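Thank you all for coming. I would like to walk you through one structure this morning, going from its strands to its ligand and then to a few backbone details.

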Amino acid sequence: MAEKEVVETSEAQIAVHWKEEDLVYPSPQFIAQANMTDPEIYDRFSLDNFPNCFKEYADILTWYKYWDEILDTSDAPCYKWFKGGQLNASYNCVDRHLAEFKNKTAIHFVSELIEEGYEHVTFQELYVRVNEMAALLKDFAGLKRGDRVTLHLPMTPDLPVTMLACARLGVIHSQVFGGFSGKAAADRIIDSGSRVLITADAYYRGGNLLDHKQKADIAVDMAKEEGQVVDKVLVWQRYPGKNSTPTPMVEGRDYFVNDVLKDYYGARVEPEKMNAEDPLFLMYTSGTTGKPKGCQHGTGGYLAYAAGTSKFVQDIHPTDAYWCMADIGWITGHSYIVYGPLALGASTVIYEGIPTYPDAGRSWRIAQDLDVNIFHTAPTAIRALRKVGPDEPAKYNYHFKHMTTVGEPIEPEVWKWYYKEVGKGEAIIVDTYWQTETGGFLCSTLPAIKPMKPGSAGPGMPGIHPIIFDDDGKTLEEGAGIAGNICIQNPWPGMFQTIWGDRDRFVETYFGRYCKDINSKDWRDWPYMTGDAAVQAEDGYFRVLGRIDDVINVSGHRLGTKELESAALVCVEVAEAAVVPVSDDIKGVVPDMYVSLKPGYDASDELAAKISAALCEEIGPIAKPNKVWIVPDMPKTRSGKIMRRILGAISNKGDVGDVMTLANPEVVEIIKKMAE
Ligand code: PRX
């Protein structure tokens with residue numbers, strides 16, 4: 001009997017299926033002040049006008065030398081945007097604002113400790129700090145144009161200062177999310193070939209001062225084992241002049257940045273004239289295989305797209321107080337805390353800690369105190385805020401004109417609470433759909449032009465032309481009512497340039513499936529595959545359901561199932577591991593970990609706890625499984641493939657379907673009983 005092909009559990013399969021909601025229109029007050037109110041923008045950015053339409057984005061920036069070719073496709077799908085142009089991202093985010101906004105706040109820093117109040121860094125001060133840090137990186141650390149440097153920094157102004165200092169020198173920064181483990185940092189140090197690690201001694205989270213420096217020691221040791229020597233570890237102190245970590249400094253390797261900076265007092269560093277296509281940074285993200293992918297973003301294209309989308313979708317004006325509650329360690333923070341808002345000269349808020357610390361009103365007090373008028377966060381945070389304090393926002397006197405949701409599908413119920421309670425019925429909402437790879441938004445409404453629809457991201461952005469293909473490459477039209485693979489027909493400036501050091505993987509992962517001709521230099525032959533499932537309604541709005549690959553979206557961030565599984569296999573007792581996504585009220589999706597043991601080992605609560613701890617250790621607390629199930633055996637096909645679909649159905653209390661074709665159908669019953 002031929003073996004029945006069974007699809008693996010994907011997020012799309014367990015995604016919520018809500019109905020199309022009614023449209024909600026922006027207020028006349030919002031429209032009256034909006035940056036983009038011209039509906040003809042969609043015609044100007046039609047496929048017929050591609051790629052020249054993106055001149056509008058490039059013109060938001062200041063160029064040393066204006067570009068002469070808008071899009072070079074000669075090495076498709078590794079595109080070069082704004083070829084021949086020269087610019088510097090640090091200059092665009094800092095120097096060029098001095099003439100008008102020198103004394104205006106660039107960064108509002110909010111310590112997690114209430115008693116520490118607020119720190120307001122003006123553009124002038126940012127300019128000074130970035131220059132002095134750039135001088136230190138150049139002279140003391142010996143970094144130069146094209147070098148990679150790994151940052152493992154928490155949420156303080158030291159992080160954007162370091163990023164902008166790197167950008168000033170043309171050094172490619174690779175920031176690792178602060179909550180990630182030393183091992184995760186090591187993997188990224190090795191892959192990027194960094195010989196300098198920039199970290200911090202400590203930071204606050206949930207009221208505790210966490211020792212961060214210890215992770216640097218782990219990272220450097222692990223990198224060395226793999227042959228990547230880090231010769232300098234630069235440590236920013238949470239309290240300059242005071243050591244907040246019990247972890248000792250290593251003589252001749254570790255230096256407190258604050259100390260060394262004294263030698264660079266007053267230093268000024270001329271920004272490097274970078275070519276538009278020179279890399280600006282790497283941002284690692286999970287893929288279907290264990291190894292994270294270093295998404296390489298270019299200078300001109302990325303910055304133009306981050307600035308343009310910040311202006312037209314985020315509706316940022318220089319006078320706005322803008323708060324994106326993401327972490328700068330994710331792409332959202334790079335594009336929409338640092339590069340986008342600062343390129344536009346806005347005041348951007350950086351909050352160190354947890355939105356609900358020490359109580360459910362904290363976020364709204366920050367908004368009130370700083371008079372924040374643009375607010376940006378993920379459904380995970382919205383669900384958490386709604387759960388702990390559904391009536392809190394009404395107690396505070398802040399007024400948002402604009403709110404964003406990003407990173408995962410938002411349930412219409414949650415959207416409505418966000419709109420009514422957080423936005424007080426006054427703020428428009430944009431549901432922005434995009435990815436680490438895409439640098440900026442793929443789908444969203446333009447807030448003054450298109451109405452909102454709860455639960456739908458909206459149409460493709462101007463100049464972004466999504467298309468849904470079925471598995472055979474047939475187009476699923478608007479209103480087809482069927483989900484398929486959402487792809488983008490054309491390149492755009494914010495798109496990543498390649499996977500660092502692995503062009504073949506870049507081509508295969510994102511274009512392999514639907515490329516029409518791998519020798520083609522014509523962008524029309526290279527649709528970009530996002531790896532998400534989506535449906536398009538009759539009105540052209542897209543609803544993104546979730547991942548189609550082995551990636552789990554936890555709290556709006558991607559974790560590879562293979563990464564999680566190999567972390568469990570670090571425990572000697574574990575023979576096999578399989579991870580499946582489980583729906584969760586707050587986090588959207590959380591991982592359930594199934595393991596089977598090697599002969600001679602017995603299941604116990606201690607062992608389950610050990611496996612859970614291994615995931616936190618290897619990847620970080622974000623990877624903590626919902627539950628570790630120690631099972632007698634994994635359900636397998638006759639060819640020995642683990643059937644994640646069945647485990648997923650059990651975890652989600654769904655229907656396991658027909659299991660008779662399995663090699664060991666009896667094990668399904670045993671696991672089902674365990675889960676009852
Ligand atoms: O599955 C999509 C989901 O998050 C993935 C990208 O994750 P990451 O690279 O970590 O970037 C997160 C921030 C951009 C996507 O492939 N996703 C992102 N935004 C949305 C979304 N799913 C539904 N609606 C969104 N607005």
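This is a predicted model: local features need pLDDT of at least 70, side-chain atom pairs count only at pLDDT 80 or more; totals for chains, interfaces and linings use all residues.

Strand β7, residues 172-175, is joined to β14 by two bridges, and the two strands run parallel; helices here are DSSP runs of H or I with at least four residues, strands are runs of E with at least two, and both are numbered from the N terminus. Strands count as paired if DSSP finds at least two bridges between them. Within this pair, H173 has F281 of β14 as its bridge partner.

Residues are numbered from 1 along each chain as its sequence is written, and side-chain values use heavy atoms, with hydrogens and water left out.

Coming back to β14, which covers residues 279-285, there is a second pairing, this time in the antiparallel sense, with strand β15, residues 293-298, over six bridges. There, P279 stands opposite G298 of β15. Strand β14 is mostly covered, since six of its seven residues are buried, where buried means under 20% relative accessible area, exposed means over 50%, and partly exposed lies in between, using a 1.4 Å probe and protein chains only.

Let me turn to another sheet, an open one of five strands, whose order is β22-β21-β23-β25-β26 with antiparallel pairing. Its edge strands are β22, residues 475-476, and β26, each of which pairs on one side only. At one end, strand β21, residues 466-469, pairs with β22 over two bridges in the antiparallel sense, and F469 stands opposite T475 of β22. At β26, the neighbour is strand β25, residues 528-536, which is joined to β26 by five bridges and runs antiparallel to it. These two strands, β25 and β26, form a hairpin with five residues between them, and G540 in the turn has a positive phi of about 90°.

An N or O atom in the side chain of N553 is 3.2 Å from an oxygen atom of the ligand, and a polar backbone atom of G407 is 3.1 Å from a ligand nitrogen atom. On its own the ligand has 540 Å² of accessible area, and the protein covers 97% of that, as computed by the Shrake-Rupley method with a 1.4 Å probe, where for residues only the protein chains shown count as cover.

Which residues come nearest to the ligand? Of the 18 residues around it, those are D431, T432, T436, D532 and R558, a residue being near when one of its heavy atoms lies within 4 Å. Strands β20 (428-432), β26 (542-547) and β28 (557-560) each supply at least two residues of this shell.

I will finish with the backbone, where most residues other than glycine have a negative phi, and most peptide bonds are trans. Against that background, the peptide bond from F50 to P51 is cis, with omega near 0°, and P51 has its place in the loop between α3 (41-44) and α4 (55-58). The bond from A76 to P77 is cis as well, with omega near 5°, and P77 lies in the loop between β1 (69-72) and β2 (80-83).

In strand β2 itself we find F82, a residue other than glycine whose phi is positive, near 55°, and which counts as buried because its relative accessibility is 0%. Phi of D315 is likewise positive, near 55°; D315 is found in the loop between α12 (300-312) and β16 (321-324), and at 1% relative accessibility D315 counts as buried.

Methods. A polar contact is a pair of N or O atoms within 3.5 Å; within protein, one must be able to donate a hydrogen and the other to accept it, and residues adjacent in sequence count only if both atoms are side-chain atoms.
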